Structure formats: C-alpha cells, structure tokens
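Here is a short report on side-chain pairing and helix packing. Look over the sequence and the fold, then read on.

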Amino acid sequence: MASLLSPVIVCLPRTIFTGARGTVSRGLRGKCVFPAADCSRNFHLARACGFFSRGGAADGEQQTLATIAKRLGDHQFKKVVVMAGAGISTPSGIPDFRSPGSGLYDNLQQYNLPYAEAIFEIDFFHHNPEPFFALAKELYPGNYQPNLTHYFVRLLHKKGLLLRMYTQNIDGLERLAGIPPEMLVEAHGSFSTATCTVCRRKYEGADLRPDVMSGIIPKCPTCKGVVKPDIVFFGEELPVHFFKYLTDFPQADLLVIMGTSLEVEPFASLAWAVRSSVPRLLINRDLVGPFAAARRRPHDVVQRGDVVSGVQSFVEELGWTQDLEELMTDAAKKAATKAEE
C-alpha cells in the first residue's frame, strides 16, 4: 500500500521531464498523465543523452551485498545517490493513510472525501482545504522521529560519500536526522516552507505550525488567502530542484534504493538514470522497478525484507555499526536537550 508520504500517484508514461514546467495531474482511472507531446519529446531527449539505461545486462561479475559494502568501505564509491520512499518512514510510526481502520483514514471520513487521493488534489484543496490540514496536523514535522534508515544516509554524508538523497517523503525526517537541505531533493515537496495560494507570499513552515496544530487553517495576513505548505499536489509543478537529477545521476557511482514501490512517476524512472556500469542496491520489502525484471544487470543487488533490518545488515557488512550507533546516540541526546529547553 502507498503511504501518505508519497501523495503523487502512478503515471502512465515512464518519462522524466527536462523542463521545469512539468506538472502532475490526474487522468483516467486515477492514473497520473502528462501532456503527450512533452512526454514523447523529453523521453527521446533523455534517452538520446544517455540518461536511461534500460538495455540488457552490463558486462561484469555478479555483485553481492558484501562486495558492494567492501567497495563502499574502501571508498571505491565516492558519489552515492540514495532514492527513498514511504517504506523508510513507516518504521517511525507514520501511518498508511489509505488503509481503512488505520485511525488516520477513519478520521478523514468525516470530510466525505470522494476518494483518498482527493486530499492531494489542488482543485479539491482550493474548494475545501480542511481535510488536508487535518492530515497535516498528524504529519507536521516534530510529531515523529527519524529511524536508523535516515541516520544511515546521514552517516553517508558525514563520511563524505553522499552525492544526494532523492526522497518521495514529505515528513521532513531526513532534515530532522541532520541531512543538510542542500544534500536533499524532496521530490514531492515538504513542510519546511509554505506559500500563500493568492498573493504567493512565502513563509517558513514553522510559521504555520501553531495554527495547524490548533486545527486552524493558516491564512495570509496580507491578503487573507490560505497558506499552503509547499507539498506537490496533483496539478502542480514539480520542484525545480528535482531536475538536479540531470547532473547527479550521470555522476553517481552507486545507487541505493530503499523503501519504495517505484510506481510513482517521474520519480520511479530515476532508477534507470544511472550508467549501466553503476551498481544499484535495492533494500526493500518487494522486488520493484528494474529489480522485478526477468533479466537484471549483474551489478544489481537486492536485500529483500524489512527495510530497517536490511540497512542494518548493510551497515554490519560495512563495519559501520559503532559509527551509526554513536551518531544516533548523539542525535538522541541533542533531541532530549532541546525538549528540555
């Protein structure tokens, strides 16, 4: 099941836009569709430039978790790109809002949503923002804490090995774990900033928190318009910084994919955007995207099962267990100190 952390739904064409005007919209049977001309033009451009490597397996020996770990530990990989989805944040307690009986889903039923995804449709939001802000109250940064998977990415950064983290999640746990904003591409936006839907005045996400937590729809003092967190809704443009993939993925020498179904476009197509010689490590409950294909690249490695356990196994292979424990202990102490202030 998809989580509330990934509000953008499945797209029909597996395409990545190269123009900053790309938007997300709803199409037939609830699938997300892009303008056909843009899809065709940008797909062929990306393929011609070598951003997608969907062909047969590359030459080379079959990699394993141990060999990937050894090469990373030996700094043979120095530009690691991480892709992550809702599966890395559900261990922190964030619910799957589409599952009936999950409390959060049941609480939203009082708003008579026509379907669950309507809560992330911009037209519905303009008509009735109350359901979204009820959800935002549950999800707003500070309600949940990062887990081991977030701190693993922070450790990659601390060791100077992280090129960038691309996340579908809007919960802000990556930032809370200490991953610098410039190392993040929050593909579906975040609560860290907000914008008035009328006059477009910008706000810090913290400015909205008192109203959101009090159940009040935040309004712009300038024009009285509704102030919306900068979360990407259906019908809205993708964040401009998403297009950093055009330079990040050709540079990457290791791609780590964690906790995602790789069904949401255009994020999902990034899994093909690294060179065919670059190892791809999937730490996930299910086989997804290129890892579900009958013929995989020999450089592809799968650690299947619980995401936290999979990351722990990888950390053990790396010999970084103590480093990660120290990082998490230090973060817990800082959080406790802040809570006492």
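Which side chain does K159 meet in a salt bridge? The partner is D323, at 2.9 Å from N to O. This is a predicted model. K159 sits in the loop between α6 and β2 (162-167), while D323 belongs to helix α11 (residues 321-340), so the pair ties together parts 164 residues apart in sequence. K159 is partly exposed, at 28% relative accessibility. D323 is also partly exposed, with a relative accessible area of 28%.

The count of salt bridges comes to 8. Among them are these:

| Salt bridge | N to O distance |
|---|---|
| K159 and D323 | 2.9 Å |
| E186 and R175 | 2.9 Å |
| D300 and R280 | 2.8 Å |

E186 and R175 come next. E186 lies in strand β3 (residues 184-186) and R175 in helix α7 (residues 173-176), so this pair joins parts 11 residues apart in sequence. E186 is buried at 5% relative accessible area. R175 is partly exposed at 32%.

The D300 and R280 salt bridge links strand β9 to strand β8, with the two residues 20 apart. D300 is buried at 2% relative accessibility. R280 is buried too, with a relative accessible area of 2%.

In α2 (residues 65-73), L65, I68, A69 and L72 are buried. Viewed down the axis of α2, its buried residues fall within an arc of 100°, so they line one face of the helix. Their cover includes strands β1 (80-84), β7 (254-258), β8 (280-284) and β9 (300-304), along with helices α6 (148-158) and α10 (307-318). After α2 comes H75, with a positive phi near 60°.

Technical notes: Residues are numbered from 1 along each chain as its sequence is written. This is a predicted model: local features need pLDDT of at least 70, side-chain atom pairs count only at pLDDT 80 or more; totals for chains, interfaces and linings use all residues. Side-chain values use heavy atoms; hydrogens and water are left out. Buried means under 20% relative accessible area, exposed over 50%, partly exposed in between (1.4 Å probe, protein chains only). Helices (H or I, at least four residues) and strands (E, at least two) are DSSP runs, numbered from the N terminus. The arc is that of the directions from the helix axis to the C-beta atoms. Contact means heavy atoms within 4.5 Å. A salt bridge is a side-chain nitrogen of Lys or Arg within 4 Å of a carboxyl oxygen of Asp or Glu.
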